[in-house]
Amino acid sequence: MKKLESWLEIPQDSDFSIYNLPFGIFSTVARGKRIGVAIGDQVIDLSMLAKKLKLDKEVVENNYLNDFIALGKDVTNGVRLKLQEWLSGADEDLDVKEAMLSSKDAVMHMPVKVGDYTDFYSSMEHATNVGKMFRDPENALLPNWKHIPVGYHGRASSIIPSGTPIRRPKGQVMPKDATEPVYQASERLDMELEMAFIVGKETELGESITTANADDHIFGMVLFNDWSARDIQKWEYVPLGPFLGKSFASSASPWVVTLEALKPFSVQGPEQDPKVLSYLEYEGEGNYDVNLSVDITPKDGETERICNSNYRYMYWNQKQQLAHHTVNGCNVNVGDMMASGTISGKDENSYGSMLEIAWAGTKPLTLKDGSTRVFFKDGDTVTIKGHAEKDGMRVGFGEVTAEILPAL
Ligand code: CA
């Protein structure tokens, strides 16, 4: 990719370099919700450039990106490339400069109205770890796992933007060695380090998306924390899968990084053996090299890193996920969110959930303040970060963070 310089001062380590230009929804004290583009520590107010970009005001001054995304990639990536052009070079573009504000003054919101939310289970390391803990260590993966990108339909209403605190859920659990379930606050509140893609082009009922055209239907990606109450989940999940152990909250990062911005960081995924069925075969590179991390900050405590992982470890890629999702003719809509599943790597320091980090409670994690964790405590703040980097180009997601509040 061509090296780009900007007249704007952009911090070297910024996730929001000139190569990125992600879209989000922001507001300020004086301005209602509208589309913004992140650059360095600035936000570009697209409504101030609507005329120059030939965009309808109603599309730009909007609570969500959905209408903008629905214009299609020719328009949305066209806007991104125009901004890139105006930000490049030595000479300030006065209109663009005028449309900027400090990101400190922007309140970020959910970027899209999520109609449907699906969560996959596509990291082999995560599925293997869970299988080892709860089933048979010798046959950790279920027989379907290497043939199907396993997933379930989740709850869209409780997907919340970064910064929104989450409430420890209450529910029904079966305590160890008990014979009757009890109603209580979850004692096993966990994170799941995930990424999610956002559907950018709808399909009709009956239509299927192929792996070859999947990228046309994907607008971009966000970081995603699929909060999980393991004790509620454990008691409820047989036979129909996750339900209230998951649906109390999922946190999403506010800036949507487009697939076009991620393209330079595409990589080959792990080899798939056995061979997949024909509709899941794909050409080219299906994964992205995105460094991911998780930090924990206890109440009034010091932040420390508890996980370093990478999106490239995913066994099933999103082309395959989307082809599988629609192989039966299930239609998708603009703004649908599809999460990856917990992204764990091979090493213990790359595990994307507390369940794996503390190995179902058998290996407590000791923090710098001497306190231990097997799952999260009230007052803990959990922060996921992610970025790709190559040849001096950095394209990042910022973060998705949330503090855990006590149960009501
Ligand atoms: Ca999940």
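User: Which side chain does Lys-97 meet in a salt bridge?

Analyst: The test is distance: a side-chain nitrogen of Lys or Arg has to be within 4 Å of a carboxyl oxygen of Asp or Glu. In this predicted model, the side chain of Lys-97 meets that of Glu-92, with 3.3 Å from N to O. Lys-97 is partly exposed at 41% relative accessibility, and Glu-92 is partly exposed with a relative accessible area of 41%.

User: How many salt bridges does this rule give?

Analyst: The count is 26.

User: How far apart in helix 3 are Glu-85 and Lys-82?

Analyst: They are three residues apart in helix 3, which covers residues 73–87, so about one helical turn separates them.

User: Which parts does the pair of Asp-215 and Lys-263 tie together?

Analyst: Start with the contact: the side chains of Asp-215 and Lys-263 meet in a salt bridge at 3.2 Å, N to O. Asp-215 sits in the loop between strand 13 (193–199) and strand 14 (218–225), while Lys-263 sits in the loop between helix 7 (259–262) and strand 18, so the pair links parts 48 residues apart in sequence.

User: Is Asp-215 buried or exposed?

Analyst: Buried means under 20% relative accessible area. Asp-215 has 14%, so Asp-215 counts as buried. Elsewhere, salt bridges with shared partners join Asp-190, Glu-192, Asp-226, Arg-230 and Lys-246 into one network.

User: Now the backbone. Which residue does a cis peptide bond join to Pro-239?

Analyst: Look at omega. The bond joining Val-238 and Pro-239 is cis, with omega about 5 degrees. Pro-239 belongs to the loop between helix 6 (230–236) and strand 16 (250–252). The peptide bond from Asp-273 to Pro-274 is cis too, with omega near 5 degrees. Pro-274 lies in the loop between strand 18 (266–267) and strand 19 (287–288).

User: What is phi of Asp-177, and where is the residue found?

Analyst: Phi of Asp-177 is near 65 degrees, a positive value in a residue other than glycine. Asp-177 is in the loop between strand 10 (170–173) and strand 11 (182–185). With a relative accessible area of 74%, Asp-177 is exposed.

User: What about phi of Trp-359?

Analyst: Phi of Trp-359 is near 40 degrees, again positive in a residue other than glycine. Trp-359 is found in the loop between helix 9 (354–357) and strand 23 (365–366). Trp-359 is partly exposed, with a relative accessible area of 22%.

User: Last topic. How many cavities of 30 Å³ or more does a search of the whole structure find?

Analyst: The search finds one. The largest cavity has a volume of about 40 Å³.

User: Which residues line the largest cavity?

Analyst: Read the lining by residue and then by class. The lining consists of Ile-69, Gly-72, Lys-73, Gly-200, Lys-201, Asp-216, Ile-218 and Phe-219. By class, three are nonpolar, two polar and three charged.

User: Where does the largest cavity lie relative to domain 1 and domain 2?

Analyst: Domain 1 (23–108) and domain 2 (117–405) both contribute residues to the lining, so the largest cavity lies between them.

Terms used:
Residues are numbered from 1 along each chain as its sequence is written. This is a predicted model: local features need pLDDT of at least 70, side-chain atom pairs count only at pLDDT 80 or more; totals for chains, interfaces and linings use all residues. Side-chain values use heavy atoms; hydrogens and water are left out. Helices (H or I, at least four residues) and strands (E, at least two) are DSSP runs, numbered from the N terminus. Buried means under 20% relative accessible area, exposed over 50%, partly exposed in between (1.4 Å probe, protein chains only). On a 1 Å grid over the protein atoms alone, a cavity is a set of points where a 1.4 Å probe fits but cannot get out, and a pocket is an open set with protein on both sides within 12 Å along at least five of seven lines; lining residues have an atom within 4 Å of a point. Grid points are joined across faces, edges and corners, and a volume is the space filled by probe spheres set on the points. Ala, Val, Leu, Ile, Met, Phe, Trp, Tyr, Cys and Pro count as nonpolar, Asp, Glu, Lys and Arg as charged, and the others, Gly among them, as polar. Domain bounds come from an automatic or database domain assignment.
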